[in-house]
Amino acid sequence: MPPGKIYLDGNSLGLLSRDAEATLKQTLHAWRDLAIGGWLEAERPWFTLAETLGARCAALVGARPDEVVMSGTTTVNIHALVHTFYRPEGRRTRILAGGLDFPSDIYALKSILRLRGFDPDEHLVLAPSRNGHTLGEDDIVRLMDDRTALVFLPSVLYRSGQLLNMELLTRRARERGIPIGFDCAHSVGAVPHELSKWGVDFAVWCSYKYLSGGPGSTAFLYLNRAHFDREPALAGWFGSIKEKQFDMSLDFEPARSAGGWQISSPSILSAAPLIGALGIFEEAGMTAVRKKSLALTHFLMEMADDLLAPEPFGFSVATPRQDESRGGHVALAHPEAMRISEALRARGVVPDFRPPDIVRIAPVALYNTHTELWRLVAHLRDIVTSREYEKFPTQRPPIS
Ligand SMILES: Cc1ncc(COP(=O)(O)O)c(C=O)c1O
């Protein structure tokens, strides 16, 4: 925990664990002592680290070991997988996504459509929200029609924290013969998944949020075994069959696993903290992590109703109440959310702000407590009654 802080932003950047620090240091020392030899001789050889960490992460998302690989970044993985699965044919030319998705996902989808010769205004369908915070699964399903070539959705909405019913959405897409993928950046490490059992076609996620891999740490991708015989759309030499990669043939032979979707050399130093960080999840187990996470978010919402909703406080909870529809964070809506977030930070409490009106609070199961949430609520009441937030500028800081 950063000294003197109440840190409630682990869904933007998870905290450093001692185990992650230790494996980062071990990896630095392996570079110093082994140099190029580290690719094969490091304790966890770098040449196969993407596959090794992928197999460990697979256990967190209910996938088989060879269905997950560590690779690149979330947005690059979206490009690699959506290009692979988007096969417009006849009337089926549209991509269905959500109207409250993280902007980078939408930028990627629009650029993919443009590259493939389709106008995103016409061919990207965004499921609308009825209340500005959540999406209705029924509304999404209604939009899966004979013009839909692909569905790509978030597991947890980054602003409100709504957890979509991935199992149901996958079943409905499959019944209609439409491939479906998920951006699980806001659910992995907070919520258990059963990606293989549900039959999800593909998924992507980062490792710097709940997984605590460090700033800009390497992302992961999942590909259902049923698709191992496909051609990776964005080919690169690290996707090669391992035994053949150094044959240096000009003909690409992709690994018949999620590993085939790697593009470049893995960023070993950005992956090193994950060697330790994943061990903590293996030790705790996702069931226990989810139980504690739900208890924390439930406690915060109850306090918000009793202590933050009444006048003059004026907060409302934008996150679904049902456990099965809630990810790992709580969105507190307030017209002065931006300046209130700044006032919290000045008091050593770290939330984040998401425009236009959300103070986003992520009580992380592995390191946050009920007491910290109690203290957060006391700070919020104080900031509003004293109008302390009025001291802060009305322009948004570069990172909020
Ligand atoms: C839901 C979601 N998708 C995608 C991204 C972008 O990830 P990256 O910077 O790894 O491409 C983020 C970043 O926070 C995110 O929250």
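Leu 150 is buried, with a relative accessible area of 0%. Buried here means under 20% relative accessible area, exposed means over 50%, and partly exposed lies in between, with a 1.4 Å probe and protein chains only. The structure is a predicted model, in which local features need pLDDT of at least 70, side-chain atom pairs count only at pLDDT 80 or more, and totals for chains, interfaces and linings use all residues. Residues are numbered from 1 along each chain as its sequence is written, and side-chain values use heavy atoms, with hydrogens and water left out.

Leu 150 sits in strand β5, residues 148-154. Helices (H or I, at least four residues) and strands (E, at least two) are DSSP runs, numbered from the N terminus. Beyond its neighbours within four places in sequence, Leu 150 has contacts that include Val 82, Phe 85, Tyr 86, Ile 178 and Phe 202. A contact means heavy atoms within 4.5 Å. Leu 96 is also in contact with Leu 150. These two residues are 54 residues apart in sequence, yet 6.3 Å apart in space, C-alpha to C-alpha.

Leu 109 belongs to helix α5, residues 103-115. Its relative accessibility is 0%, so Leu 109 counts as buried. Leaving out residues up to four places away in sequence, Leu 109 touches Val 82, Ile 95, Ala 97, Leu 124 and Phe 152. Ile 280 is 171 residues from Leu 109 in sequence and 34 Å from it in space, C-alpha to C-alpha.

The whole chain was examined next. The protein chain has 13 helices and 13 strands. Of its 400 residues, 57% count as buried. A compact globule with 400 residues would have a radius of gyration near 21 Å, and the chain agrees, because its own value is 22 Å. The radius is taken over C-alpha atoms, and the globule rule is 2.2 Å times the number of residues to the power 0.38. Along the principal axes, the C-alpha atoms fill a box of roughly 70 × 60 × 35 Å. Among contacts with a separation of 6 or more, 72% join residues 24 or more positions apart.

Among the buried residues of α12 are Met 338, Arg 339, Ile 340 and Leu 344. The buried residues of α12 pack against β11 (349-350), β12, β13 (358-361) and α13 (370-385). Just after α12, Gly 348 takes a positive phi of about 85°. Strand β12 covers residues 352-354 and holds Arg 354. Arg 354 counts as buried because its relative accessibility is 18%. Apart from residues up to four places away in sequence, Arg 354 touches Ser 12, Tyr 158, Arg 159, Arg 360 and Ser 400.

The ligand site was then described. Residues around the ligand include Thr 73, Phe 102, Asp 105, His 186 and Tyr 208. A residue is near a molecule if one of its heavy atoms lies within 4 Å of it. An oxygen atom of the ligand is 3.0 Å from an N or O atom in the side chain of Thr 74. For Thr 75, a ligand oxygen atom is 2.5 Å from a side-chain N or O atom. A nitrogen atom of the ligand is 2.6 Å from an N or O atom in the side chain of Asp 183. The protein covers 81% of the 400 Å² of accessible area that the ligand has on its own. Accessible areas come from the Shrake-Rupley method with a 1.4 Å probe; for residues, only the protein chains shown count as cover.

How values were computed:
Polar contact = N/O pair within 3.5 Å; in protein donor to acceptor, adjacent residues only side chain to side chain.
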